[in-house]
Structure formats: structure tokens, C-alpha cells
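Today I opened a new model and kept notes as I went. Here is what I looked up, one entry at a time.

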Amino acid sequence: MSFKPLFARSLGAAPDRLHFAAHSHHLWPDASLEGQMQCWEDASMLADRKWGRIMDEIWPGAQAEVANELGTDDSSAIVFASNTHDLLVRLVAACPRDGEAPLRVLMSDGEFHSARRQMARWAEAGEILLTTVAAEPHDDFSDRFLSAAESGGHDLILVSHVMFGSGRIFEGVEALAALARPDGPWVAIDGYHAFMAVADPFGPKAATSAFYLGGGYKYAMAGEGMGFMHCPPAFGERPPITGWYAEFGDLTAPPGSSVGYTRDAMRFMGATFDPSALYRFLAVRAMLAENGLTSDRIAARVAMLQDLMLDRLAGTPLADAELLNPPGNGPRARFLAWRSPRAQRWCNELMDRNCITDVRGDVLRVGFGLYHDEEDVETFVRLGRTLA
């Protein structure tokens with residue numbers, strides 16, 4: 001069965017393109033256009049009053065969908081922003097620290113650019129003391145990271161659920177979350193490559209004490225503009241970076257303070273934002289529900305296509321490269337990652353043949369989505385046999 005009809009506009013816009021970069025820029029399904037149009041129509045019809053519909057219907061609807069997908073079912077713990085970097089800045093600013101001392105941060109050396117670059121700059125400025133755990137070797141990374149976290153001496157512990165460079169999965173989310181306390185340390189999980197790729201990636205146990213960040217750009221198929229953060233209760237009750245939207249709701253403020261905050265995740269809210277991504281996200285979620293497409297079902301389909309590709313690539317140059325995330329018995333990333341000194345050349349050669357993949361350093365990443373089928377895999381394999 002093919003689900004290409006759900007992506008007719010994106011596929012039809014470039015019918016000769018073979019897009020295997022769903023882990024990077026996921027093609028938009030037709031439903032996303034319906035959401036975008038609804039956003040525009042609401043703005044036209046309701047004008048100033050559109051914010052009533054957005055904050056009373058669209059925002060809570062999107063909160064509920066994210067919470068359901070995370071496996072927490074706690075909508076009130078979800079806050080949105082235009083991207084996860086914005087949320088990361090608010091989180092770090094709110095994290096408890098020892099007086100004027102730099103914030104002590106533990107993370108891996110394999111984090112995505114937003115966290116890696118920002119943390120490196122803060123460390124350079126002396127605002128944080130940064131300790132990193134090597135993401136390689138991959139086989140014992142989860143154990144090594146947990147051991148470093150358990151050793152203490154950190155205010156903030158940050159790690160990716162699915163590593164963007166290798167597709168390997170951090171297997172200690174609940175154990176790491178158990179270390180978190182409102183007065184420190186805080187635990188934050190970067191779930192961008194897990195959200196809507198790994199079923200129930202968070203769960204109610206971890207949700208009581210850990211932050212979880214993700215967004216709509218990749219497997220949620222909703223495009224840019226929808227970063228989200230799950231905010232555990234009692235963690236960061238008065239964030240110092242605060243927008244006026246954090247004033248709405250059930251406010252609380254200590255004696256002598258004129259700045260009140262909501263009690264739920266809206267305490268981390270910013271200011272006026274573009275709501276169109278939330279409309280697109282809700283439209284895509286409705287499309288998936290109408291077609292009985294859960295994250296589990298999509299993951300199973302992707303796994304089948306990945307297995308087919310790996311089997312058919314035997315004897316090609318790619319088969320001689322190091323596959324960083326070979327299939328196992330547990331959850332999988334939605335992309336395959338091959339390490340080779342020829343990775344950049346392969347990416348360029350595929351691009352010349354109108355096959356879109358991407359490369360990170362010496363790693364070629366090939367990502368799968370709902371819009372792929374067996375014929376696409378066979379086409380990729382034929383191209384793979386031509387690589388130098």
C-alpha cells in the first residue's frame with residue numbers, strides 16, 4: 001500500500017525528485033495546506049478576535065496532540081515557541097545555579113547545532129561550565145552518560161533521545177529523569193528526532209521531573225515554526241526570560257512581586273507568535289487519524305523499507321561503509337547513517353541525480369517517510385550501485 005496520495009502536492013511539484021531526506025526537511029502532506037489556509041481564513045474573518053480562537057481552540061488542541069504523542073497526556077505541561085532554541089534559552093535562564101557561579105552543564109558531544117553552538121558560546125563567555133560525554137563508541141554511550149550524570153556536580157543535564165548524527169538511541173530517559181530535582185539538577189531531553197518517530201517516547205514517569213523538547217519540522221510533517229517543550233510541574237516557576245503571554249491564566253507571585261506567572265507550562269511563554277504551524281500540525285494529525293496512521297504503524301512501515309534497502313544494497317559501495325545504526329530489536333531512528341570518507345561525494349553524486357539525502361561530516365544520512373514505498377527503495381538502490 002502506498003500513501004503517496006496524501007503527499008500529492010509535494011510529490012507533484014517535483015515529480016522527478018527522489019526525496020530521501022525526511023529526517024531533515026520532511027515533505028509536507030496536502031493536509032498541511034488545508035491547515036495553512038484555515039489559519040489565513042480565520043485571520044481574515046475574525047481579525048483581532050482570531051486570538052480567541054487560537055488560544056481557546058488551536059493552542060490547547062495542539063497541546064493535547066503533543067501530550068498524547070509523548071505518552072504523558074498532560075496537555076497543561078506543553079508550551080510552544082517558534083523553535084527549540086528559543087525554548088532552550090528560556091530553560092537555561094531559569095535553571096537554578098549556585099549564586100553567581102557559572103551554570104554547570106553536562107551534555108554529549110553529539111548534540112544538534114542549536115544546543116552545541118549555544119552551549120559552546122556560553123562556555124566561551126564563562127557563563128557555563130560545560131562537561132561533555134563522547135557519543136562514541138555508541139554501544140555503551142547510554143551507560144557512560146548515565147554514569148556521568150549520576151556522579152553529580154551538574155545543574156543542567158541535556159541529551160538527545162535520538163542522536164542526530166548517528167541515529168543511535170539514548171536508552172536511559174527514565175533513569176536520567178529520576179535524577180532531576182526542582183532545585184537542581186534539571187534534566188532536558190532533546191526529542192526532535194524521536195517525536196512522532198518513536199511511539200510514546202517520554203511517558204508519565206519521566207514527565208514528572210524532566211523537560212522534553214521537540215518540534216513539527218521533521219516527523220510531525222507540519223513544517224517550521226512549532227517548537228515545543230514539556231515542562232514538569234514545580235520546575236522553573238518564575239522564568240526570568242518571560243513574555244506577556246505568561247501573564248494569562250491562574251497567576252501566582254511571591255509577596256512584593258508585581259510579576260505573576262501561570263502555574264502551568266505557559267509560565268515559559270513568550271510573546272506574539274505566528275500560529276500557522278499549529279494549524280498545520282492539527283491538520284496533519286487529523287489526516288493521520290482519519291487514515292489510522294499511528295506512529296507505531298508508520299515506524300513499522302519505515303522499518304520494513306529500511307530492511308529492504310539494506311538487503312538490496314548488498315554489493316554496492318554503501319554496503320562497504322560503516323552503518324552507525326544497524327537495525328535492532330528496539331525503536332529505530334527514521335534514517336540510516338553510513339560513515340565513510342566518501343560520504344560527501346556520495347551525497348553530491350546523488351544530488352546530481354536528483355536524489356536528496358544529506359551529510360553531516362563523514363556521515364551520509366538517508367531518511368524515510370510515509371511518502372516512500374518499495375519502488376522508491378529500488379530506485380535508490382539502482383543509484384547506489386553507480387556511486388564511486
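Before counting anything, I noted that helices (H or I, at least four residues) and strands (E, at least two) are DSSP runs, numbered from the N terminus. This is a predicted model, where local features need pLDDT of at least 70 and side-chain atom pairs count only at pLDDT 80 or more, while totals for chains, interfaces and linings use all residues. Residues are numbered from 1 along each chain as its sequence is written, and side-chain values use heavy atoms, with hydrogens and water left out.

**Entry: one glutamate.** I found Glu349 in helix 11 (residues 343–352). Is Glu349 buried or exposed? Buried means under 20% relative accessible area, exposed over 50%, and partly exposed in between (1.4 Å probe, protein chains only). Glu349 has a relative accessible area of 14%, so I wrote down "buried". Setting aside neighbours within four places in sequence, I saw Glu349 in contact (heavy atoms within 4.5 Å) with Leu387 and Ala388.

Entry: Next I traced an open sheet of 7 strands, with mixed pairing and the order 2-8-7-6-5-3-4. Its edges are strand 2 (78–81) and strand 4 (128–133), each pairing on one side only. Two strands pair if DSSP finds at least two bridges between them. I then looked at strand 5 (residues 156–160) and strand 6 (residues 186–190), which run parallel and are joined by 5 bridges. Ser160 has Asp190 in strand 6 as its bridge partner.
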